[in-house]
Amino acid sequence: MKKGVMRPGHVQLRVLDMDAAVKHYTELMGLIEMDRDQQGRVYLKAWTEVDKYSVVLRPADEPGMDFMGFKCVSEEALDALRAGLVAFGCEVQDIPAGELQDCGRRVRFVAPTGHSFELFATKQQTGKWGVNNRNPEAWPRDLSGMKATRFDHCLLYGPNLLQTYELFRDVLGFDLAEQVLTPDGTRIAQFLSVSTKAHDVAFIEHPEPNKFHHASFYLDTWNDVLRAADLISMTDTSIDIGPTRHGLTHGQTIYFFDPSGNRNEVFAGGDYHYPDHEPVTWDAGELGKAIFYHDRVLNERFLTVLT
């Protein structure tokens, strides 16, 4: 049952060198800088997104994710979700409107994995970048780099996957779209969707809480993923793996790192999910094929490098 959460709204990432980070996310990935604030944060968006921003970069001494935010259908739904979080046992923090530029009030909570999430319903809408909303052209002609189309999801590492799934299912209305199970039936990976996408957030079982694996951005085609790989080499950007295909979600993918060490993904394709779909299940013994469908071998760096 849907609870009023629409989609991923934003992610705030910590970066060590703001100039280098902005260059990476704008010139290489093709995001558009939209604003800066007195805290030194930089706000960015992908060109198809109607809200003013989806990525916030914060200057810090160590990399990683501060929080991931989800947008709700209304302020009334936000109130109901807040009450549900409290009833579930979450400590909630009410963050006033304007703490993030041009964003309404936010309700922040910590999941059992240790990650901070927040819900909001209001953010200034600036429309798609470079195309009108009436008789629009196919795409803007001034995009840079990979031309990422949207912020899509995050993959996060932490403990207590079952309790986190119960929170996202029972309070926030997410479905379990895909999972990895050990022989005794323990879930060690879960891909959760609140839309028709393969996933909007995913979790991997990990003993240390609140670890960030990657933020992912959508591209239109496999050829765009190959072009992204070319740009990664042209710019001597640190690459993790790819281009290849996932078994999980079947998306076509490449992973690389921003200058601070935060992992990024760009991908195309992938499965879709509806609430009446049975979760897709992978056996833990097939994890190599599940993650890297072609090589069928796990990349140790992919599993262990976290921020």
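Me: Leaving aside its neighbours within four places in sequence, which residues are in contact with Phe 168?
Reply: Phe 168 is in contact with Phe 70, Ala 111, Phe 117, Gly 173, Phe 174, Leu 192, Val 201 and Phe 203, where contact means heavy atoms within 4.5 Å. This is a predicted model, in which local features need pLDDT of at least 70 and side-chain atom pairs count only at pLDDT 80 or more, while totals for chains, interfaces and linings use all residues. Residues are numbered from 1 along each chain as its sequence is written, and side-chain values use heavy atoms, with hydrogens and water left out.

Me: What makes the set with Phe 168 a nonpolar core, and which residues have the most contacts inside it?
Reply: The term stands for a set of buried Ala, Val, Leu, Ile, Met, Phe, Trp, Tyr and Cys residues joined through side-chain atoms within 4.5 Å, and buried means under 20% relative accessible area, with exposed over 50% and partly exposed in between (1.4 Å probe, protein chains only). The largest such core here has 60 residues, and those with the most contacts inside it are Leu 57, Phe 117, Leu 119, Met 146, Phe 168, Leu 172 and Val 201. A second, separate core has 16 residues, including Tyr 157, Val 180, Ala 189 and Phe 302. In soluble globular proteins, nonpolar side chains tend to be buried together.

Me: Why is Phe 109 called buried?
Reply: Its relative accessible area is 1%, and the limit is under 20%, so Phe 109 counts as buried. Phe 109 is in strand E7 (residues 106-110), and strands, like helices, are DSSP runs numbered from the N terminus (at least two residues for E, at least four for H or I). Leaving aside its neighbours within four places in sequence, Phe 109 has contacts that include Leu 85, Val 92, Phe 117, Leu 167 and Leu 172. Leu 119 is also in contact with Phe 109, and the two are ten residues apart in sequence and 8.6 Å apart in space, C-alpha to C-alpha.

Me: Why is strand E8 said to be largely enclosed by the rest of the structure?
Reply: Five of the five residues of E8 are buried, so the strand is largely enclosed. Both faces are covered, with Ser 116, Glu 118 and Phe 120 on one side and Phe 117 and Leu 119 on the other.

Me: Why does the pair of Arg 14 and Asp 66 count as a salt bridge?
Reply: A salt bridge is a side-chain nitrogen of Lys or Arg within 4 Å of a carboxyl oxygen of Asp or Glu; here the closest N and O atoms are 2.9 Å apart, so the pair qualifies. The pair links distant parts of the chain, with Arg 14 in strand E1 (residues 5-15) and Asp 66 in strand E5 (residues 64-72), 52 residues apart. Arg 14 is buried at 13% relative accessible area, and Asp 66 is buried at 17%. The structure holds 21 salt bridges.

Me: Are Glu 99 and Arg 106, which also meet in a salt bridge, buried or partly exposed?
Reply: Glu 99 has a relative accessible area of 27% and is partly exposed, whereas Arg 106, at 1%, is buried. Their salt bridge has an N to O distance of 2.7 Å. Salt bridges that share partners join Asp 37, Arg 41, Glu 99, Arg 106, Arg 108 and Glu 118 into one network.
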